[in-house]
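I set out below what I looked up in this structure, entry by entry. The conventions come with the entries that need them.

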Number of protein chains: 2
Amino acid sequence: MLYYAEPVSRLIEELSKLPGIGPKTAQRLAFFLLRQKRSDAVALARAIVDAHDKTLYCSCCMNLSDSDPCRFCQDERRDRSILCVVEDPRDVVAIEKTRDYHGLYHVLHGSLSPMEGIGPEQLKVKELMARLSSPALQEVILASNPTVEGEATSAYLARLIKPMGLKVTRIAHGLPVGGDLEYADQVTLVRALEGRREL
Amino acid sequence: MLYYAEPVSRLIEELSKLPGIGPKTAQRLAFFLLRQKRSDAVALARAIVDAHDKTLYCSCCMNLSDSDPCRFCQDERRDRSILCVVEDPRDVVAIEKTRDYHGLYHVLHGSLSPMEGIGPEQLKVKELMARLSSPALQEVILASNPTVEGEATSAYLARLIKPMGLKVTRIAHGLPVGGDLEYADQVTLVRALEGRREL
């Protein structure tokens with residue numbers, strides 16, 4: 001039994017497919033969109049299709065981009081001696097927002113997870129290895145997530161890259177700035193102690 | 001500074017305009033949509049535009065519909081002696097889901113709110129009054145929300161409709177089924193006591 005007019009039901013159904021959007025939220029969003037001006041609804045619809053049609057993966061760093069090579073790979077002012085390896089395009093944005101890193105990036109598009117059948121062939125590892133022969137390159141920063149899969153990915157890549165004579169580093173783990181030692185989990189605390197530095 | 005490729009930034013921006021969707025959620029949704037098959041993204045975009053283009057308001061009951069008159073107003077099996085007045089098309093769905101009401105509906109599209117400048121002219125009151133001359137009609141159920149605005153709307157409509165010799169009723173207020181008396185708010189409890197029935 002359809003309680004709503006068919007186009008409304010279909011919109012609610014499509015919105016429900018989004019992650020974290022349950023039927024009630026989908027209904028609320030659908031009615032919000034119906035109350036909007038047609039031009040606003042069309043702008044959202046257009047943006048969804050455009051994001052698919054007008055973005056691609058940079059053939060060099062595998063980051064999401066609207067040009068190939070992407071603006072990071074094109075930018076002559078970026079430090080070509082450092083390469084930061086991340087799991088996801090969002091990680092590139094997180095690091096860029098610090099305004100503290102000016103090297104290049106490489107996006108793996110995931111982390112090793114044998115349980116889910118994700119091995120090195122499913123990640124952009126081959127593409128990473130091809131970039132390591134660049135004469136300017138000196139250091140590879142492994143910035144995969146501090147999760148079991150991320151650690152495994154970094155360990156795997158370190159073993160692969162070290163023999164090539166490049167400096168391989170891993171981002172530091174420890175207490176987040178502003179965090180409370182009392183509430184830190186044990187693993188983080190162990191990492192914070194291990195990574196202690198002399199002042 | 002654009003951290004994302006322009007089409008991705010625009011999608012995140014458009015998604016952020018939705019109610020309850022902050023920048024982080026918008027980003028997560030955008031990347032989810034980018035990972036989907038193009039056909040799935042297009043289906044959502046299509047549904048958004050279709051919901052606008054293929055729905056209209058029934059010229060009789062003002063409910064959201066894909067036909068005019070809507071299927072409730074068209075349906076000869078519905079009881080034309082009762083008319084249930086609600087604030088929103090979603091309220092029609094909520095009542096339909098009970099499978100307990102078989103009369104007609106009228107959607108006001110809001111409630112009286114002088115503070116927000118919403119008077120009877122902003123609601124579908126004129127359209128409601130035009131329907132009350134129907135010879136079959138005997139009872140008008142006022143089912144606006146149990147809020148200050150909803151109560152004011154019902155009181156206003158009752159004053160308007162009663163002199164026409166129709167039975168005017170208001171849906172009952174009280175403790176929700178499965179609710180806990182201890183946790184009920186005072187206003188609800190007062191209403192529950194006022195509305196007590198002899199067993």
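**Contacts and burial**

I began with the contacts in chain A between residues at least 6 apart in sequence: 47% of them join residues at least 24 apart. Contact here means heavy atoms within 4.5 Å. I then looked up burial, and 43% of the 199 residues in chain A are buried; the term stands for under 20% relative accessible area, with exposed at over 50% and partly exposed in between (1.4 Å probe, protein chains only). Chain A exposes about 11,400 Å², of which carbon and sulfur atoms supply 55%. Accessible areas come from the Shrake-Rupley method with a 1.4 Å probe, and for residues only the protein chains shown count as cover.

**Conventions and confidence**

I note that this is a predicted model, in which local features need pLDDT of at least 70, side-chain atom pairs count only at pLDDT 80 or more, and totals for chains, interfaces and linings use all residues. Residues are numbered from 1 along each chain as its sequence is written, chains are lettered from A and ligands numbered from 1 in the order in which they are written, and side-chain values use heavy atoms, with hydrogens and water left out.

I read a mean pLDDT of 91 for chain A, with 99% of its residues at 70 or more; pLDDT is the predictor's confidence in each residue, from 0 to 100. Within chain A, helix H8 (residues 186-194) has the lowest confidence, at a mean of 81, and strand S4 (residues 103-107) the highest, at 96. For the complex, the predictor gives an ipTM of 0.77 and a pTM of 0.76.

**Fold and dimensions**

I find eight helices and six strands in chain A. Helices (H or I, at least four residues) and strands (E, at least two) are DSSP runs, numbered from the N terminus. Their order from the N terminus is α-α-α-β-β-α-β-α-β-α-β-α-β-α.

The radius of gyration of chain A is 22 Å, whereas a compact globule of 199 residues would have one near 16 Å. This radius is taken over C-alpha atoms, and the globule rule is 2.2 Å times the number of residues to the power 0.38. Along the principal axes, the C-alpha atoms of chain A fill a box of roughly 65 × 45 × 35 Å.

**Symmetry**

I find that a rotation of 180 degrees, with 0.0 Å of shift along its axis, superposes chain A on chain B (RMSD 0.1 Å). The two copies are thus related as by a two-fold rotation axis. Superposition is by least squares on the C-alpha atoms of residues with pLDDT of at least 70 in both copies.
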